[in-house]
Amino acid sequence: MVYLQVTLKISTENRSDAAGVYQKYKAPFLNTIAGAQSKELLIRDEDVQVLHGFDSIENATAYLNSELFNTDVVVELKPLLDTDPDVRIYSVA
């Protein structure tokens, strides 16, 4: 299992809109992205994290270059972000 973690700094007043973007693209992510296994939204006071589960590092990396990520998700989230997102890929030991 591999996780793609995207940490987003989003102000409180924009979080409901960001959650809407998450909900809008969860099913397309799970149904169309190679190797996609899960997608979770984690919320805390400091930030919001989207945790994507994949079957391989290659598929996680490919998603970051996909049309769904760059043309849809990033475009809709960008106006809601306070800073650039922190993107990391982890493999399970």
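The paragraphs below go through the helices, the core and several single residues of this predicted model.

Because the model is predicted, local features need pLDDT of at least 70 and side-chain atom pairs count only at pLDDT 80 or more, while totals for chains, interfaces and linings use all residues. Residues are numbered from 1 along each chain as its sequence is written, and side-chain values use heavy atoms, with hydrogens and water left out.

Helices (H or I, at least four residues) and strands (E, at least two) are DSSP runs, numbered from the N terminus. Two packed helices are described by the angle between their axes and the distance between the axes. Helix H1 (residues 15-32) and helix H3 (residues 67-77) pack at an angle of about 170°, and their axes are 10 Å apart. That makes H1 roughly antiparallel to H3. Axes here are lines fitted to C-alpha atoms, for helices over the stretch in contact, and angles run from 0 to 180 degrees between N-to-C directions. Angles under 35 degrees count as roughly parallel, over 145 as roughly antiparallel, 65 to 115 as roughly perpendicular and the rest as oblique.

Contact means heavy atoms within 4.5 Å. On the H1 side, Ala18, Val21, Lys24, Tyr25, Pro28, Phe29 and Thr32 take part, and they meet Leu68, Asp72, Val73, Glu76 and Leu77 in H3. Sorted by type, the residues of this contact are eight nonpolar, one polar and three charged. In this scheme Ala, Val, Leu, Ile, Met, Phe, Trp, Tyr, Cys and Pro count as nonpolar, Asp, Glu, Lys and Arg as charged, and the others, Gly among them, as polar.

Buried means under 20% relative accessible area, exposed over 50%, and partly exposed in between (1.4 Å probe, protein chains only). In H3, the buried residues include Leu68, Phe69, Val73 and Leu77. They cover an arc of only 80° around the axis, which puts them on the same side of H3; the arc is that of the directions from the helix axis to the C-beta atoms. Glu67 and Val75, on the other side of H3, are exposed. Strand S1 (2-8), H1 and helix H2 (57-64) are among the elements that cover the buried residues of H3.

H2 can be read in a similar way. Its buried residues are Asn59, Ala60, Tyr63 and Leu64. Their arc around the axis is only 150°, which puts them on the same side of H2. The cover over these residues includes S1, H1, S3, H3 and strand S4 (86-91).

A nonpolar core is a set of buried Ala, Val, Leu, Ile, Met, Phe, Trp, Tyr and Cys residues joined through side-chain atoms within 4.5 Å. The largest one has 22 residues, and those with the most contacts inside it are Leu4, Phe29, Ile33, Phe54, Tyr63 and Leu77. Two or more residues of this core come from each of S1, H1, strand S3 (48-54), H2 and H3. H1 gives the largest share, five residues. Apart from residues up to four places away in sequence, Phe29 touches Ala36, Ser38, Lys39, His52, Gly53, Phe54, Tyr63 and Leu68.

Val73 and Tyr25 are 48 residues apart along the chain, yet their C-alpha atoms are separated by 7.2 Å. Neighbours within four places aside, Val73 is in contact with Val21, Tyr25, Tyr63 and Leu68. Leu68, also in H3, is buried with a relative accessible area of 12%. Leu68 and Ile33 are 35 residues apart in sequence and 8.5 Å apart in space, C-alpha to C-alpha. Beyond neighbours within four places in sequence, Leu68 is in contact with Tyr25, Pro28, Phe29, Thr32, Ile33, Tyr63 and Val73.

Gln49 is in strand S3 and is buried, at a relative accessible area of 15%. Residues up to four places away not counted, Gln49 touches Gln5, Val6, Thr7, Glu40, Leu41, Leu42 and Arg44. Asp86 is in strand S4 and counts as partly exposed, at 31% relative accessibility. Leaving aside neighbours within four places in sequence, Asp86 is in contact with Gln5, Val6 and Thr7.
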